[in-house]
Amino acid sequence: MRDWDAQLWSSLTWLTTNTVTPDLGLTFAAALPPGCPAAVWRPGGDYTLATPVTEENKQEYVECAMLCRLRDAVIDDLAAITRGLNRTLDTMVSRSFSVDEFSLLLCGVSTIDVDDWRRHTDYDNCSADDELITWFWAAVHDMSTAERTMLLLFCCGLQRVPCGGFARLEGLNGPHLFTIAVTSDPPQSLPTASTCFNTLRLPQYPSDRVLRSRLLTAVRFGHAGFAFA
């Protein structure tokens, strides 16, 4: 509530910590947000817009004000969102998920499992056993959570892993695993990426130290706008 309407939050907080007296002249109509039509009001019990707010009923007023601001005032917007979701998702399928499960399905997983990432990686012009690739995965294991997130964003344009893990990565034309491609670029070059194809391109770096330095430079300064080959 504080983030949604700081002024209303402040007013309601004051009411709960102070004594309400008749000279305030406060009625339940004050619960309506500015410009909000009275038609959205859905008070409970015997309350109406003209009901005075007293010390005895101020808790009910606070609850009504919060419901009006967070639910009733946006009920048409919520209905439109619901209709849109029902047009794109099977209603019975969407009802089978809890709120947390549905959020996970839409937004993905924030934790990056490096072992899962490595298991679901394809290689172009290299193999999983190459020294360069071994250095790469060792560097990823040693990264902080923030650095791994930047790497994922740099390579795939994602900040979260799809629900189901790296096996569920999507590319421009459908499912497409993360791919590491070794290039003939000079070792002074930074890694590049094609986010539409979840592909990271690495020059043949001469050492683990050089790879880590170039990789971290690329992801720290290139993740915001991505870096395309």
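1. Helices here are DSSP runs of at least four residues, and strands are runs of at least two, numbered from the N terminus. Counted this way, the chain holds nine helices and six strands. Keep in mind that this is a predicted model.

2. Start with the whole chain. It has 229 residues, and 35% of them are buried. The exposed surface comes to about 13400 Å². Carbon and sulfur atoms supply 54% of that area. Now look at contacts between residues at least 6 apart in sequence: 61% of them join residues at least 24 apart.

3. Which residues have the most contacts inside the largest nonpolar core? They are Trp117, Phe136, Trp137, Leu151, Phe178 and Leu211, in a core of 33 residues. Several elements give two or more residues to this core, including helix H6 (114-119), helix H8 (145-156) and helix H9 (208-222). Strand E4 (178-183) and strand E6 (199-203) are also on that list. Helix H7 (131-142) is there too, and H7 gives the most, with seven residues.

4. Leu211 is then in contact with Leu132, Trp135, Phe136, Ala139, Leu202 and Tyr205.

5. Next, the rings. The whole structure has five aromatic pairs. One of them joins Phe136 and Trp137, with 4.9 Å from centre to centre and 75 degrees between the planes. That pair is edge-to-face. Both of these residues, Phe136 and Trp137, are buried.

6. Why is the pair of Trp137 and Phe178 called edge-to-face? The planes of the two rings stand at 70 degrees, and the cut-off for this class is over 60. The ring centres are 6.3 Å apart. This pair links distant parts of the chain, since Trp137 sits in helix H7 and Phe178 in strand E4, 41 residues apart. Both Trp137 and Phe178 are buried.

7. The rings also group. Trp117, Phe136, Trp137, Phe166 and Phe178 form one aromatic cluster.

8. Where does Phe166 lie? It is in the loop between H8 and strand E2 (170-171). Is Phe166 buried or exposed? Its relative accessibility is 0%, so Phe166 counts as buried. Phe166 and Trp117 are 49 residues apart in sequence, yet their C-alpha atoms are 5.6 Å apart in space. Leave out residues up to four places away in sequence, and Phe166 touches Ile112, Asp113, Asp116, Trp117, His120, Leu152, Val161 and Leu177.

9. What about cysteines? A disulfide is a covalent bond between the sulfur atoms of two cysteines. The count of disulfides here is zero. Cys156 is in no disulfide. The nearest cysteine sulfur to that of Cys156 belongs to Cys155, 5.6 Å away. Cys156 counts as buried because its relative accessibility is 7%, under the 20% cut-off. Cys126 is buried as well, with a relative accessible area of 15%.

10. Last, a polar detail. Ser194 has its place in strand E5 (residues 192-194). Its relative accessibility is 13%, so Ser194 counts as buried. The side chain of Ser194 makes a polar contact with the side chain of Arg201, at 2.6 Å.

Note on methods:
Residues numbered from 1 in each chain as written. Predicted model: local features only at pLDDT ≥ 70, side-chain atom pairs only at ≥ 80, totals over all residues. Heavy atoms only, no water. Buried < 20%, exposed > 50% of the residue type's maximum accessible area, 1.4 Å probe, protein only. Contact = heavy atoms within 4.5 Å. Areas by Shrake-Rupley, 256 points an atom, 1.4 Å probe, with all protein chains shown as cover. Polar contact = N/O pair within 3.5 Å; in protein donor to acceptor, adjacent residues only side chain to side chain. Core = buried A, V, L, I, M, F, W, Y, C linked by side-chain atoms within 4.5 Å. Phe/Tyr/Trp six-rings, centres within 6.5 Å; stacked < 30°, edge-to-face > 60°. Disulfide = S-S within 2.5 Å.
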